[in-house]
Amino acid sequence: MITAPKIEYLQLAPLLLVFGAAVLGVLVEAFTPRYLRRAIQIPVTLLSLAGAFALTIVQTLKGVPTEPSAMGAVAVDGPTLFIWGTILVLAFVCVLLVNDEEHFVAAASAVPGSAEEERAFIEGNVHTEVYPLALFAIGGMLLFPASNDLLIMFVALEVMSLPLYLLCGLARRRRLLSQEAAVKYFLLGAFSSAFFLYGTALLYGFAGSVDLAKIAAALGSVAGQNGLLYLGAALVGVGLLFKIGAAPFQAWKPDVYQGAPTPVTALMAAGTLVAAFGAVLRVFWVALGNLIWSWEPVMWAVAILTMVVGAILAITQTDIKRMLAYSSVAHAGFLLVGVIAIGDAKQNSLALGAILFYLAVYGVTTIGAFAVVTMVRDPGGEAWHLSRWAGLGKRSPKLAGLFAFFLLAFAGIPLTSGFFGKYAVFQAAVADHATPLVVVGVISSAIAAFFYVRVIVLMFFSDPAADGPTVVVPSWGTAAVVGFSALATVVLGVFPQPVLDLAKSAAGSLFVG
Amino acid sequence: MPWLSILMGVSVLGALGVAFIKDDRLAKQATLVVSLVVLALTVAMAVQFSPNGDRFQFAETYDWIPAFGVHYAVAVDGVALVLILLSAVLVPIVVLASWHEAEAGKRSVRTYFALLLVLEAMMIGVFAATDVFLFYVFFEAMLIPMYFMIGSYGGAQRSYAAVKFLLYSLFGGLLMLVAVIALYTVAGKNSFLFTDLLGAIKDPTTQKWLFLGFFIAFAIKAPLWPFHTWLPDAAAQAPAGAAVLLVGVLDKVGTYGMLRFCLELFPEASKWATPVVIALAVIGIVYGAIVAIGQTDIKRLIAYTSISHFGFIAMGVFAMTTNAASGATLYMVNHGFSTGALFLIAGFLIYRRGSQFIDDYGGVQKVAPILAGTFLVAGLSSLSLPGLSPFVSEFLVLTGTFQRYAVPAVIAATGVILAAVYILWMYQRTMNGPTAEAVQGMKDLNHRERWVLIPLIALIIGLGFFPKPMLDVINPAVKETLTNVSVTDPAPAIAKEGQ
């Protein structure tokens, strides 16, 4: 006889709602007339995200669960709830940024402004499936950091990644770049998934279980299987580090960020990074925490390499989206500094709180920056080349000022949220005696500041080109996104305490072992 | 009364207001009014300061970010008070002097003046902060308005100069950030309050590392040789008004930081580093002066003289005698006035002729006697002529240093002679001799420009004859500082001989 598994539906409600809405979205695509789809998809998407956020709040207020749910497969603990809240807010904001007719291609071969595109529009062929695809990806993002065993984590990884591969190929302008991005992301992503899966198999061979807590327990009791353990941990690590874009696995990031439609880039830069770091923390802290002496030196090297590579390669970029991609690589490096700062319970709570805060503020600022990128247009689409941004400060001082502000937040100038994020992570690392790593971190920050400042120089201190780009009047969605991001960056830059408290209390209830 | 918060609040609100005034003329007037109000409030506060009372007065302490042990804590001692006064005096003068600054490049006038007021709030904040973290926040954040003032409103090479300025300072600041974090962690007090951190670091090796983190940031800021290369570029490219605040106030944050934070938080490490710092300072004094002689650009010349002067200040701080440290503090103020006057007059001169090169001038004295006369007074004050205020401070620094380090003091004294060369030779080439063709018909100072200079020259002469009120305020604070470093003045040599 098979007993029915025990499922804590309420705890998993945010996940179920998002996945349910995604399935509903697919049905809408199948059964409603074309002209109605957009009007249905947008509210369904936004409402489901808002609802999931509300359910997350409800769960938090009811008290953080103390046991993993769904037969030990999903861990809805403090960090998970914080990450869910963060991802849902970021995802909501990204969906507001989606303006399908402008950003997304109508038909695979349709060049912007061509007769084919015209026909596709007339037939109502616009890609409203963007919305359910995004919802599936967001659902995957929610499950990924909450997984309590490696197989669930793998499933979440795929659910998150597959829709993103598709979404990357849907950019309306620069079609070839977009398709190239999708193929590259798919191939490299498939590779990394294979690494992850193989590592999972080896770890199963070592521990006899894919459950994170059981792997942690096996570290102390299983002897003579170190080959399986180290190889398995390394392969799982490769799969995860690929997703956060840590060097030397960062090569996909610039290409994919550049080619993908900008709202999708924003979703990846903010949402995927948050989710993937949640997963990194789960694997390395929960399952492999006691193996720290083995993985710490490697992680030091990866963190240093990631910070330095991100900061230096960003300097040479001429495409604004590629530059932001390398900036995201550098930030992943700063976050890895926090991952290394593992220690006793107090130290863990300090470091975890710092990482959670950093993820939240970095995500918000990133979306704001990409939202600005969508608004600066050439006749052929977004003004991607940096030289086109010259003199923007004179043409539209408000927009350029906001962008400069986001860049200063990336650079970690005080009185922006980015400063406190960096400060929190570095402080945790110093408390863990990783001061040399922090010195490398601040030197990379100084290098990184150079390219952020260079964009400000271009916008404000250079004269505008005669045929410079135009700044479109933003849709209400885009305006809301930019406003929200700027406000959050200012407020958290002056009064970070509430979110710090939240992150800290979330960090206090991590399920360990 | 929360004086210090009021001062900053008025500046910030003023800046917000000015940023939204569409009419340029009105924006300027509003800025002038706001800066004068701040000056009046600062003077009102200074009058209530009791020199022999508590060290820190007008203190306000609130929790800001308890998670990091950070407070919004402001208060002033004598040193901070005179530096805040310096800032408050210079800002309205700079506003008046910059009246036409932003017009030439068709750039936003009100932005320039709003940035000035933001900068003023941060200058007050950085000197008033008694929480190390808060100090760091102001220390870094104040780069941004200055960066935009140089980059948007400066000369031909402005964007290069602005980026160089920002990156140098940011790099120093980030090293300091590591030291700030380590200070907090090692002290283990869960507090960034200056008074909590006093004497918290006992281990000498830790002190040395933390000292280096702070000191390099301050040495870049001040700037001390060999960290000085950004200053000539930044000062030469900045608009004259911004250059005055950059060299007159912002750079003082470096020397102020050495006195307040390096010495008091890391006394043992400071004593350990003294020989090196004094050597760097003396090299800077002589090097800055010699390089200044060779300059062909008026603003670069003044910038190099400042490097020489900052050598004197750093030497005075690290000589660790009451005379030298009081002299160094007074030097910070006097240098702000005298170099401020030099930059502004140079700015008026350059505005008329459109060139920064000394060779493009000659015989200005004949066509613009008032301009030439004020330039001479400012120049003489810069070379420390007795009777003008910088003389007092330079004398104090030299005698105070001599008490402990005779040889460096003697070498440093040659800087006084070199100063006569660079100032008088520049004056001779620009103001005397046959009137250059392009200078013919140059207009003399107008009313606005005269009003810019009158208060500065009055202060230079007044404090030259009567420095006592300033010294009365400075001395107790300096004594307290040196007590925290646990040094006492060496016994006077003459008394020994008399025994």
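1. Starting with the contact pattern in this predicted model: take the contacts in chain A between residues at least 6 apart in sequence, and 81% of them join residues at least 24 apart.

2. On overall build, chain A has 21 helices and 3 strands. Its radius of gyration is 22 Å, close to the 24 Å that the globule rule gives for 513 residues, so chain A is as compact as a globular protein of that length. Along the principal axes, the C-alpha atoms of chain A fill a box of roughly 70 × 55 × 40 Å. As for burial, 59% of the 513 residues in chain A count as buried.

3. Now the interface. Chain A puts 26 residues in contact with 26 residues of chain B. On the chain A side, at least two residues each come from helices H17 (397–411), H18 (417–431), H19 (435–461) and H21 (497–507). H19(A) gives the largest share, 12 residues. Sorted by class, this side of chain A has 20 nonpolar, 4 polar and 2 charged residues.

4. The crossing of H15(A) past H17(A) is left-handed.

5. Who meets whom there? From H15(A) come A:Thr365, A:Gly368, A:Ala369, A:Val372 and A:Met375, and they meet A:Leu399, A:Leu402, A:Phe403, A:Phe406, A:Ala409 and A:Phe410 of H17(A). That contact divides into 9 nonpolar and 2 polar residues, with no charged ones.

Terms used
Residues numbered from 1 in each chain as written. Chains lettered and ligands numbered in written order. Predicted model: local features only at pLDDT ≥ 70, side-chain atom pairs only at ≥ 80, totals over all residues. Helix = DSSP H or I, 4+ residues; strand = E, 2+ residues; numbered from the N terminus. Rg over C-alpha atoms; globule rule 2.2 N^0.38 Å. Buried ≥ 20, exposed ≤ 12 C-beta atoms within 10 Å, placed from the backbone. Contact = placed C-beta atoms within 7 Å. Nonpolar A, V, L, I, M, F, W, Y, C, P; charged D, E, K, R; others polar. Left-handed = near helix turned anticlockwise from the far one by under 90°.
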